[in-house]
Amino acid sequence: MQLQQTPVLEETLWQAVLNRDSAFEGKLFYGVRSTGIYCRPICPSRRPNRNQVCFFQSPQEAEIAGFRPCKRCQPESEAVANTAKAKVLAVCRYIEAQIDRIPTLSELCSHVGMSPSYLQRIFKQIIGLSPFQYADALRSQRLKQRLQEGEEIADAVYDTGYGSSSQLYEKAPKQLGMTPKTYQQAGKTINIVYAIAPCPLGYLLVATTQKGICAVKLGDEADKLEHILNQEFHQAHIIRDDHTHKDWIQAILDLIAGDETHLDLPLDVRGTAFQKQVWQALQKIPYGKTCTYTDIARDIAKPHAVRAVGNACGTNPIALIVPCHRVLRSDGSLGGYHWGIERKQKLLIQESKSIKDDSNT
């Protein structure tokens, strides 16, 4: 229905258009009679004369009335994107509600009215994981929590939706980094090798397992970094060896110095499904660029989880590789950083300088 109910309502909608008010995104579209074009409220084009404007609730209504979509703000694609995000969020909530099983793809498609191929594609585009990967990560996290609480392994396996213990043990090295029994014992038999090197930010500690890097830490004192590592992996077998994986350590040092802009190193990190979503989103921030906590929350299709995104950044176990230093508050201020605001500022200045130097050469 065309939005022409009262003069008061129309004046509110017109002010939203004049102010390019993003709060009306997806809720308001305006048509210009003189051009036959309809736009989003934030369209950057010149504002039309008021007497030429009419308002609509959707692109479909505008097109039924004979208007064409604006090529600059592309209102028809925005509506499709908003609808897709809403359906993907509905799929996430549905998956999360199935605490003892993983729903089938056809079941998810029926729930939101999407085809299997489209749901797979749009879900991965928005969330960063396939529906099954998302559900599997949630299942793994539930299992970890139950094991940490001391529940019997067999009960935890079946209550969290694993069809059999053999199914879990096939996945255990990847999902738990160890067997369920070892995980239940807080990593008692894990071997961790770490190295410490001086760097422009103080000291750099890099810890590795057989599978990859499990911790990257920054600090002013080497012994304090060692203490933190031993507390986190208190039942693991930890040794220092500054010569193991020297190439990995050098790559991180090169990043700090501005001689490297991208790291592609093997990782062995553990976190909740939500934390992993945030960390994956952080790794997509280009070198020399920044975004806000709000941006990350939107990227993972959880726009109201800004505080939770901040917490996930604070628990990032691999500084620099997952570049949580590139996330700022909405007002542009630095916000927090687990390894100190001064280090965050130095990293951002160095990255910005390196990008400028490259562009001038």
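This report describes strand pairing and aromatic contacts in a predicted model.

## The four-stranded sheet

Strands E3, E1, E2 and E4 make up an open sheet, in the order E3-E1-E2-E4. The pairing in this sheet is mixed. Strand E3 (53-56) and strand E4 (68-69) are the edge strands, and each of them pairs on one side only.

Strand E1 covers residues 29-32 and is joined to E3 by 4 bridges. E1 and E3 run antiparallel. At residue level, Val-32 has Val-53 in E3 as its bridge partner.

Strand E5 (residues 191-199) and E6 run antiparallel, with 7 bridges joining them. The two strands form a hairpin in which 2 residues lie between E5 and E6. Opposite Cys-199 stands Gly-202 in E6.

E6 is also joined to strand E7 (residues 213-219), here by 6 bridges, and this pairing is antiparallel. E6 and E7 form a hairpin with 4 residues between them. Gly-212 is in the turn of that hairpin and has a positive phi of about 160°.

Strand E6 spans residues 202-208 and is mostly covered. Of its 7 residues, 5 are buried.

In general terms, the strands of a sheet pair through backbone hydrogen bonds, and the pairing is either parallel or antiparallel.

## Aromatic pairs

The model has 2 aromatic pairs. One of them is formed by Phe-123 and Tyr-134, whose ring centres are 5.9 Å apart. The planes of these rings stand at 70°, and the pair is therefore edge-to-face, since an angle over 60 degrees falls in that class.

Phe-123 belongs to helix H5 (residues 116-127), whereas Tyr-134 belongs to helix H6 (residues 131-148). The pair therefore ties together parts that are 11 residues apart in sequence.

Are Phe-123 and Tyr-134 buried or exposed? Phe-123 has a relative accessibility of 0% and so counts as buried. Tyr-134, at 2% relative accessibility, counts as buried as well. The cut-off for this class is under 20% relative accessible area.

Note on methods. Residues numbered from 1 in each chain as written. Predicted model: local features only at pLDDT ≥ 70, side-chain atom pairs only at ≥ 80, totals over all residues. Heavy atoms only, no water. Phe/Tyr/Trp six-rings, centres within 6.5 Å; stacked < 30°, edge-to-face > 60°. Buried < 20%, exposed > 50% of the residue type's maximum accessible area, 1.4 Å probe, protein only. Pairing = 2+ DSSP bridges.
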